[in-house]
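Reader: I'd like to go through this model with you, one question at a time. Could you put the sequence and structure up?

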Amino acid sequence: MEFRGDRRDALKSVFEQWVQRVMEATEQRMVPQRYLRPPGALPELGFLAACTRCGDCIPVCPVRAIVRAPTEAGLAAGTPYLNVQVQACIACPDMPCARVCPTEALSAGVREGLPRR
Ligand code: SF4
Ligand code: SF4
């Protein structure tokens, strides 16, 4: 019986690795360019699905580190990202960008108990 359990675990591991590879390949096809997201962002595919492109996180950044992806960015067009060559994120302790986000696209601070604005 132990053998069956080991075999099931091995199959599960192979399946999980396959799913991971498919997800990475899909992500690479859909979003060929990598954007550095504000802190607390979901993994990229989830972020793209959850972000409404409302832009609310952009003006609340005290150092204006968040900018909007251009229209040529395909699926990522209009989403917020950090252009660290111009301005780095200073990792605000209260994470205003995540607190103002109306969806779970940015949410690390919210998960840690910070109230939304
Ligand atoms: S943590 Fe602060 S500095 Fe960093 S992106 Fe969010 S608001 Fe801007
Ligand atoms: S506030 Fe949230 S939903 Fe709106 S643009 Fe920023 S990440 Fe996307």
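Reader: Is glycine 55 buried, partly exposed or exposed?

Author: A quick note before that: this is a predicted model, where local features need pLDDT of at least 70, side-chain atom pairs count only at pLDDT 80 or more, and totals for chains, interfaces and linings use all residues. Residues are numbered from 1 along each chain as its sequence is written, while chains are lettered from A and ligands numbered from 1 in the order in which they are written. Buried stands for 20 or more other C-beta atoms within 10 Å of a residue's own, exposed for 12 or fewer, and partly exposed for in between, with C-beta atoms placed from the backbone. Glycine 55 has 13 other C-beta atoms within 10 Å, so it is partly exposed.

Reader: Where does glycine 55 lie?

Author: Helices (H or I, at least four residues) and strands (E, at least two) are DSSP runs, numbered from the N terminus. Glycine 55 itself sits in the loop between helix 2 and strand 1.

Reader: What pattern does the protein chain follow along the sequence?

Author: You'll find 4 helices and 2 strands in the protein chain. Read along the sequence, they give α-α-β-β-α-α.

Reader: Which residues come nearest to ligand 1?

Author: A residue counts as near a molecule if its C-beta atom, placed from the backbone, lies within 6 Å of it. Nonpolar covers Ala, Val, Leu, Ile, Met, Phe, Trp, Tyr, Cys and Pro, charged covers Asp, Glu, Lys and Arg, and the others, Gly among them, are polar. The shell around ligand 1 has 13 nonpolar residues, with no polar and no charged ones. Of those 13 residues, the nearest are Pro38, Cys61, Cys89, Cys92 and Cys97.

Reader: Which come nearest to ligand 2?

Author: Here the shell splits into 9 nonpolar, 3 polar and 2 charged residues. Of the 14 residues around ligand 2, the nearest are Cys51, Cys54, Cys57, Cys101 and Ala105.

Reader: What does cysteine 97 touch?

Author: Cysteine 97 is one of the residues with the most contacts inside the largest nonpolar core, which has 14 residues. Such a core is a set of buried Ala, Val, Leu, Ile, Met, Phe, Trp, Tyr and Cys residues joined through C-beta atoms within 7 Å. Contact means that C-beta atoms, placed from the backbone, lie within 7 Å. Leaving out residues up to four places away in sequence, cysteine 97 touches Pro38, Cys57, Val60, Cys61, Ile66 and Leu106.

How values were computed: Two residues are in contact if their C-beta atoms, placed from the backbone, lie within 7 Å.
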